[in-house]
Amino acid sequence: MSLDATDSIDPALGSAADMQPGETRPALWWHAAWALAMALGAVIVALAAPWPDFRPGLALIVAAAPAVAALAAPKLNGGDLSLLVVWAIAAVLAASLAGGASGPLAIWCITPLAATLVLAPRRIAFGATLSLIALGLTALLEAAGVTRPLPAGALTISLALVAVATSTVALGAAAAIGRGARPAAGRAGNDALAELAAAQPHLVVILDDAGHIERSAGAMAPEAADRLRRHGLIGAADPAARNEVAAAIVAAQRQGRASLTVPLAGEEAMWLGLDLVRLDDHRLAGAIRDATADNDRAQALEAARADAEALNLGKSRFLANMSHELRTPLNAIMGFADIMRERIFGPLPGKYVEYADLIHDAGAHLLDLINDVLDMSKIEASKYELALEDFDAREPVSAALRLLRVQADDVGVQLRGVLPAEPLDVSADRRALKQIVINLVSNALKFTPRGGLVTVSLSAAEGAMELTVADTGVGIAADDLARLGRPYEQAGDSDQRKRGTGLGLSLVRAFAELHGGDMAIESRLGEGTAVSVRLPVLAPAQGEAPPEAGGEVIAFPQR
C-alpha cells in the first residue's frame with residue numbers, strides 16, 4: 001500500500017506527510033547506509049566461519065530488502081507508513097531464519113522503531129508498537145517450532161556482533177535524523193506563534209508570584225506596556241487598586257485563575273483588564289488588555305441606571321402627590337352626591353336622582369383607581385408602612401366578600417367563601433388583607449363568564465395563612481401569565497383591560513411581600529385561574545394549634 005503526501009490515514013497514526021519533501025535526503029542516506037552495512041556484514045560473517053546452509057545469507061538479504069526498496073522508490077522516504085510495516089515483516093523473517101527470538105538476529109526487531117524515527121518522527125508510538133509486534137511474532141514462531149537454531153560457534157557470534165553493531169548505529173543515526181527533522185517544522189510553528197503573539201492587541205505575560213513580568217509579548221500601548229514591565233502589575237496599578245491586584249494574584253495562585261479590572265496609575269485614566277491563570281507554584285500566565293472603553297461603557301450604563309431609578313422614583317413621588325391631591329376634591333364630589341341622593345335639602349326631579357347615583361358610582365370607581373395608584377406609588381418609593389394589628393382574618397375577608405356581592409350579581413357570577421369555623425388570629429395589616437381579597441375577587445369576576453363560580457378559601461397551613469381565590473373563568477394565556485404581577489400589566493381582551501389599571505395583582509404581590517409572604521398563580525385557558533397568597537402572619541394562642549380550613553361556607557347566590 002502506498003500513500004501520497006496528501007492522502008489521509010487513521011487519526012491515531014496521523015498524516016503520512018511527516019517529512020517535508022526537502023527532508024527525504026537524510027532518509028535516503030540512512031537506507032543506503034543500512035544496505036551497505038548488510039553487505040559488509042555478509043562479508044564479515046562469511047570470513048568468520050563457514051555457513052552450514054543458506055539461512056544466514058538469506059537473513060541478511062531479507063534485512064536489507066526494506067532499505068533497497070526505499071532506495072529504489074525515493075517516494076517511500078517521504079513518510080509512507082507502509083514501509084514501516086515492511087520493516088517489521090523483514091525483521092520477523094530475518095530473526096526467524098537465524099533461530100528466532102533466542103537467535104543472534106532477534107535484536108533487529110527494533111528496526112521498525114529506528115525506521116520510524118527517520119521516516120515519521122512524530123509516530124514513535126506506532127513504530128514502537130510494530131517493533132513489539134515483530135518481537136512477539138518471532139517468539140511465537142520459535143515456540144511453534146517453525147524456526148531452527150543456528151549451530152553454536154563462530155557463525156552465531158559473528159552474526160550477533162553484526163546485528164548489535166548495525167542496530168546500535170542505525171538506531172542512533174535514526175534518532176539524530178529524527179531530531180533534525182522535527183525542528184524544521186517546530187521552528188516554522190514557533191515563528192508563527194511568535195508573530196501571532198507579537199501582533200495580538202493584548203499583552204500576554206509570564207509573571208512571578210509577586211506580579212513582576214518575566215516575559216511578555218503583544219501590541220499593547222507602548223507606554224502602558226513599558227510601565228507594566230518596569231513596575232509589575234501591582235506597582236503599575238493605581239495606588240487605590242493595588243490591594244485588589246495583590247488579592248487577584250493570590251486568588252490565581254490558590255484557585256487557578258482570577259480576573260480583575262483596575263485603573264492604571266497616571267493621568268491618562270487608563271483601565272486594564274487582567275485575566276490570570278496559574279502555571280506552577282511560583283508563576284502565572286496572564287493576558288492584560290486595555291479596558292478603558294469597557295469601563296467607560298460600564299460607567300455610562302451605571303449612570304443611565306441611576307438616572308432611570310431617579311426618574312422612576314420621581315414618577316412614584318409625583319403619582320403619590322397627585323393621587324393625594326385628587327382624593328381631596330373627589331371625596332367632596334362623592335359627599336355632595338350622597339347629599340343629593342339622600343335628599344337632605346329636599347326632593348329632586350327624578351332625572352337628577354339618577355345623575356347623583358351615577359356621579360357617586362363614578363366617583364367611587366375613580367377613588368378605587370386613585371387608591372391603587374397611591375398605594376403602588378408608596379410601595380415603589382419604599383414609603384408604604386404596614387399597620388400591623390392582631391385580629392381574626394375572617395373579618396376583613398367577609399367584609400370584602402359583602403362589598404363584592406353586588407358586583408358579582410351584576411355580572412351573573414356566583415361568589416362563595418370557604419372560611420374556617422373557628423377564629424383565625426393573625427398579626428397583619430387589616431386594610432392590606434382586605435385589599436388583597438378585593439383585588440383578587442375583582443379580577444376573577446372580570447374573567448369569569450355569566451353562570452360561573454368564584455370561590456374564596458381561607459385556611460391555615462404549615463404555619464402560614466393561605467388565601468386562595470379560584471374561578472371557573474376563561475383562564476390566562478401563558479404569555480400573559482409571565483407578565484402579570486408587574487405594575488400596569490394587564491391580560492385579556494381590550495374590553496377587559498378597560499376596566500382596570502393593571503395594578504391589582506401587582507398590589508397583591510407587593511402586599512404579600514411586605515408581610516414576608518408570596519403570591520402564586522395557576523391557570524389554564526378555558527379551565528379557570530387560581531391565585532394563592534401565603535402570609536406567615538399566624539398568631540395562634542399559646543398551646544393551641546392554628547385552625548384549619550373546611551368550616552363555615554358563605555355563599556352569595558345570584559339575585
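The model is predicted: local features need pLDDT of at least 70, side-chain atom pairs count only at pLDDT 80 or more, and totals for chains, interfaces and linings use all residues. Residues are numbered from 1 along each chain as its sequence is written, and side-chain values use heavy atoms, with hydrogens and water left out. The count comes to one cavity of 30 Å³ or more, and a search of the whole structure finds ten salt bridges.

- A cavity is a set of points, on a 1 Å grid over the protein atoms alone, where a 1.4 Å probe fits but cannot get out; lining residues have an atom within 4 Å of a point.
- Grid points are joined across faces, edges and corners, and a volume is the space filled by probe spheres set on the points.
- The largest cavity has a volume of about 40 Å³.
- Its lining consists of Trp34, Ala63, Trp87, Ala90, Ala91, Ala94, Trp108 and Thr111.
- Helix 3 (residues 81-97) gives the most to this lining, with four residues; helices (H or I, at least four residues) and strands (E, at least two) are DSSP runs, numbered from the N terminus.
- By class, the lining has seven nonpolar residues, one polar and no charged. Ala, Val, Leu, Ile, Met, Phe, Trp, Tyr, Cys and Pro count as nonpolar, Asp, Glu, Lys and Arg as charged, and the others, Gly among them, as polar.
- Helix 4 (residues 111-119) is mostly covered, with eight of its nine residues buried. Buried means under 20% relative accessible area, exposed over 50%, and partly exposed in between (1.4 Å probe, protein chains only).
- Among the buried residues of helix 4 are Thr111, Pro112 and Leu119.

**Nonpolar surface patch**

- Met340, Leu348, Tyr352, Tyr355 and Leu358 form a nonpolar patch, with about 470 Å² of accessible area together.
- Patches are made of residues with over 30% relative accessible area and no salt bridge; like charges are joined within 9 Å, nonpolar side chains (Val, Leu, Ile, Met, Phe, Trp, Tyr) within 5 Å.
- Accessible areas come from the Shrake-Rupley method with a 1.4 Å probe; for residues, only the protein chains shown count as cover.
- Helix 10 (residues 350-380) gives the most to the patch, with three residues.
- Leucine 358 is found in helix 10. At 48% relative accessibility, leucine 358 counts as partly exposed.

**Loop residues**

- Glutamate 462 sits in the loop between strand 9 (453-461) and strand 10 (464-471). Its phi is near 55 degrees, a positive value in a residue other than glycine. Glutamate 462 is exposed, at 78% relative accessible area.
- Alanine 387 lies in the loop between helix 10 and strand 6 (388-392). Its C-alpha atom is separated by 8.3 Å from that of arginine 431, 44 residues apart along the chain.

**Salt bridges**

- A salt bridge is a side-chain nitrogen of Lys or Arg within 4 Å of a carboxyl oxygen of Asp or Glu.
- Arginine 283 pairs with aspartate 280, the closest N and O atoms being 3.0 Å apart. Arginine 283 is partly exposed at 31%, and aspartate 280 is partly exposed at 29%.
- Aspartate 392 and arginine 394 meet in a salt bridge (2.9 Å, N to O). Both aspartate 392 and arginine 394 are buried.
- Glutamate 395 and arginine 430 meet in a salt bridge (3.0 Å, N to O). This pair links distant parts of the chain, helix 11 (residues 394-411) and helix 12 (residues 430-447), with the partners 35 residues apart.

Note on methods:
1 Å grid on protein atoms, 1.4 Å probe; cavity = no way out; pocket = protein on both sides within 12 Å on 5 of 7 lines; lining within 4 Å.
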